[in-house]
Amino acid sequence: MYLDNLGEVTGNLFERAQQIATAKFQSDTSGKNSDKVCVVAIQAGNMDNYHAIFSGAPGYTELTNIVSNGGNKKAAQERITNTIKEFLRSEEGGDFSDLQITDHGFDMHGRGAMNCAEPKIFYLLKHQLNLSLKTWVIVPFNKNETGIVIYNAPCKNCRRWVYKHFNFLSGLIAKQQKGADAFEE
Ligand SMILES: [Zn+2]
């Protein structure tokens with residue numbers, strides 16, 4: 001990956017991620033939710049290697065099914081919830097209070113920091129698959145009013161930790177797609 005073609009690299013990553021998110025939204029049977037986010041993680045340097053997960057309850061169900069793998073769902077849920085909460089409470093995880101994690105964080109969407117898709121992909125990559133986050137580029141999407149899958153920058157909860165943990169191209173894509181707005185606190 002050469003610095004002089006970063007624009008091309010991020011452009012290709014974005015297009016690939018948008019295809020993945022579009023396909024995931026199209027095959028989604030988890031019900032209507034107007035502000036549902038799909039976060040795509042692509043391995044830097046290998047666009048065939050990716051994971052994608054929804055925000056909110058649908059994403060929690062997806063993640064629980066992966067982690068429990070046919071076994072005890074309640075145990076999997078406890079492990080996921082405890083691990084995500086512990087991370088978000090830590091300084092490197094954004095230094096959230098318990099109420100900000102579960103009820104109302106820093107973003108105008110008014111949900112707790114653990115409800116987003118980003119903490120779920122964090123858990124999936126780091127704690128389930130034991131992968132190094134620095135090699136994974138994350139690109140979040142949602143659907144606009146006309147059903148088009150568009151970029152959805154990490155919210156004010158997620159941007160407290162997302163850009164510094166995942167591959168730096170995640171932040172570069174945010175900057176290209178949303179400009180300074182994607183970093184405003
Ligand atoms: Zn968020």
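**Reading the fold**

Guide: Let us start with burial: 38% of the 185 residues in the chain are buried. A residue counts as buried if 20 or more other C-beta atoms lie within 10 Å of its own, as exposed if 12 or fewer do, and as partly exposed in between, with C-beta atoms placed from the backbone. This is a predicted model, in which local features need pLDDT of at least 70 and side-chain atom pairs count only at pLDDT 80 or more, while totals for chains, interfaces and linings use all residues. Residues are numbered from 1 along each chain as its sequence is written.

Visitor: What radius of gyration does the chain have, and what would a compact globule have?

Guide: The radius is taken over C-alpha atoms, and the globule rule is 2.2 Å times the number of residues to the power 0.38. For 185 residues that rule gives a value near 16 Å, and the chain agrees with its 16 Å. The C-alpha trace spans about 45 × 35 × 35 Å along its principal axes.

Visitor: How many helices and strands does the chain have?

Guide: Helices (H or I, at least four residues) and strands (E, at least two) are DSSP runs, numbered from the N terminus. Here there are seven helices and four strands, in the pattern α-β-β-α-α-α-α-β-β-α-α along the sequence.

Visitor: In which order do the strands stand in the sheet?

Guide: Two strands pair if DSSP finds at least two bridges between them. The four strands form an open sheet with antiparallel pairing, in the order β2-β1-β3-β4. Since β2 and β4 are at the edges with a single partner strand each, one side of each has no neighbour in the sheet. From one strand to the next, the twist averages 35°.

Visitor: Which residues of β2 stand opposite A41 and I42?

Guide: A41 faces H51, and I42 faces Y50. Their strands, β1 (residues 38–43) and β2 (residues 46–54), pair over six bridges in the antiparallel sense. The two form a hairpin with two residues between them, and G45 in the turn has a positive phi of about 90°.

Visitor: Which strands does helix α7 touch?

Guide: For contacts, the C-beta atoms of two residues, placed from the backbone, must lie within 7 Å. For angles, axes are lines fitted to C-alpha atoms (for helices over the stretch in contact), and values run from 0 to 180 degrees between N-to-C directions. Helix α5 (residues 117–128) lies across β1, β2 and β3 (136–143), at about 125° to β2. Helix α7 (residues 169–178) packs on the sheet and touches β3 and β4, its direction making about 35° with that of β3. Its buried residues are L169, S170, G171, I173 and A174, and they pack against α1 (6–26), β3 and α6.

Visitor: At what angle do α1 and α7 pack?

Guide: The angle is about 85°, with the axes 10 Å apart. The two helices are therefore roughly perpendicular; angles under 35 degrees count as roughly parallel, over 145 as roughly antiparallel, 65 to 115 as roughly perpendicular and the rest as oblique. L6, V9, T10, L13 and F14 of α1 meet L169, L172, I173 and Q176 of α7.

Visitor: Where is N157 found, and is it buried or exposed?

Guide: N157 is in the loop between β4 (149–151) and α6 (162–165). N157 is buried, because 26 other C-beta atoms lie within 10 Å.
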